[in-house]
Amino acid sequence: MNFDNRSKSNYSNHPHSASANPVGETIENQNAEMRFGFKATDLIVYPAHGVGQIVAIEEQTVAGACLEFFVVYFAKSKMTLRVPTRKAASAGMRRPSDPAAIQHMRRILGQAPHKARGNWSRLAQEYESKINSGNIVAIAEVMRDLYRPSVNSEQSYSERQLYAAAVDRLSGEVALVSGITEAEAVRELESLMLAEVRRSA
């Protein structure tokens with residue numbers, strides 16, 4: 001099942017009318033128009049949350065000022081986020097990566113891991129920053145460097161958590177772009193790293 005099919009079922013039941021959301025007024029005549037490079041129904045990637053879909057464009061009055069928002073729904077976490085339209089780009093909201101970028105990310109995963117040195121607390125902050133950057137190459141570097149092929153590897157809890165976060169972000173976007181399930185994307189990405197481990201053994 002590809003993401004297009006999943007997105008229809010996941011998002012179709014999500015309320016995105018003004019009546020379902022009394023705090024905001026949906027701009028029906030603008031939802032089909034481009035607003036700062038995006039329009040309602042677009043699938044997007046948001047740095048801190050991964051793949052989502054713009055389900056509406058709303059206006060809200062905040063502190064006496066009328067502001068416009070993208071209403072973004074994340075089906076996996078069942079979360080809704082309102083992003084000011086004027087700040088969407090600076091917040092890192094973007095369109096899904098093109099196939100060339102996905103291929104570059106795959107090459108990163110197929111490289112030997114970087115042996116990080118130094119204080120783990122500092123390294124963990126760097127890894128988390130890369131994951132939350134939304135940059136698929138940076139996220140791939142985290143996934144590659146924290147990958148452990150053995151279930152009995154001496155990987156700390158925090159390492160496992162960061163690795164899982166990187167896998168979640170990458171697999172969601174790869175599934176969307178490649179038209180496969182997230183489980184298939186995870187298997188594909190981890191197979192690239194496992195192949196490198198076996199070559200280096």
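Me: Why does R144 count as buried?

Reply: R144 has a relative accessibility of 10%, and buried means under 20% relative accessible area (exposed is over 50%, partly exposed in between; 1.4 Å probe, protein chains only). R144 is therefore buried. The model is predicted: local features need pLDDT of at least 70, side-chain atom pairs count only at pLDDT 80 or more, and totals for chains, interfaces and linings use all residues. Residues are numbered from 1 along each chain as its sequence is written, and side-chain values use heavy atoms, with hydrogens and water left out.

Me: How do you know that the side chains of R144 and D145 meet in a salt bridge?

Reply: The N to O distance for R144 and D145 is 2.8 Å. A salt bridge needs a side-chain nitrogen of Lys or Arg within 4 Å of a carboxyl oxygen of Asp or Glu, so the pair qualifies. D145 counts as buried too, at 8% relative accessibility. By this rule the count comes to twelve salt bridges.

Me: What makes E159 and R148 a salt bridge, and which parts does the pair tie together?

Reply: The closest N and O atoms of E159 and R148 are 3.7 Å apart, which meets the cut-off. E159 lies in helix α5 (residues 157-178) and R148 in the loop between α4 and α5, so the bridge ties together parts eleven residues apart in sequence. A helix here is a DSSP run of H or I with at least four residues, numbered from the N terminus. E159 is buried at 14%, whereas R148 is partly exposed at 32%.

Me: Are R199 and E196 buried or exposed?

Reply: R199 is exposed, at 55% relative accessibility, and E196 is buried, at 11%. Their side chains meet in a salt bridge of 2.8 Å, N to O. R199 and E196 are three residues apart in helix α6, which means a separation of about one helical turn. Elsewhere, salt bridges that share partners join K39, D42 and R95 into one network.

Me: What lines the largest pocket?

Reply: A pocket is an open set of points on a 1 Å grid where a 1.4 Å probe fits, with protein on both sides within 12 Å along at least five of seven lines; lining residues have an atom within 4 Å of a point. The largest pocket holds about 360 Å³ of space and is lined by 21 residues, with P113, K115, D145, Y147 and R148 nearest its centre. Helix α6 (182-200) is one of the elements supplying at least two lining residues, and α6 gives the most, four.

How values were computed
Points joined across faces, edges and corners; volume = space filled by probe spheres on them.
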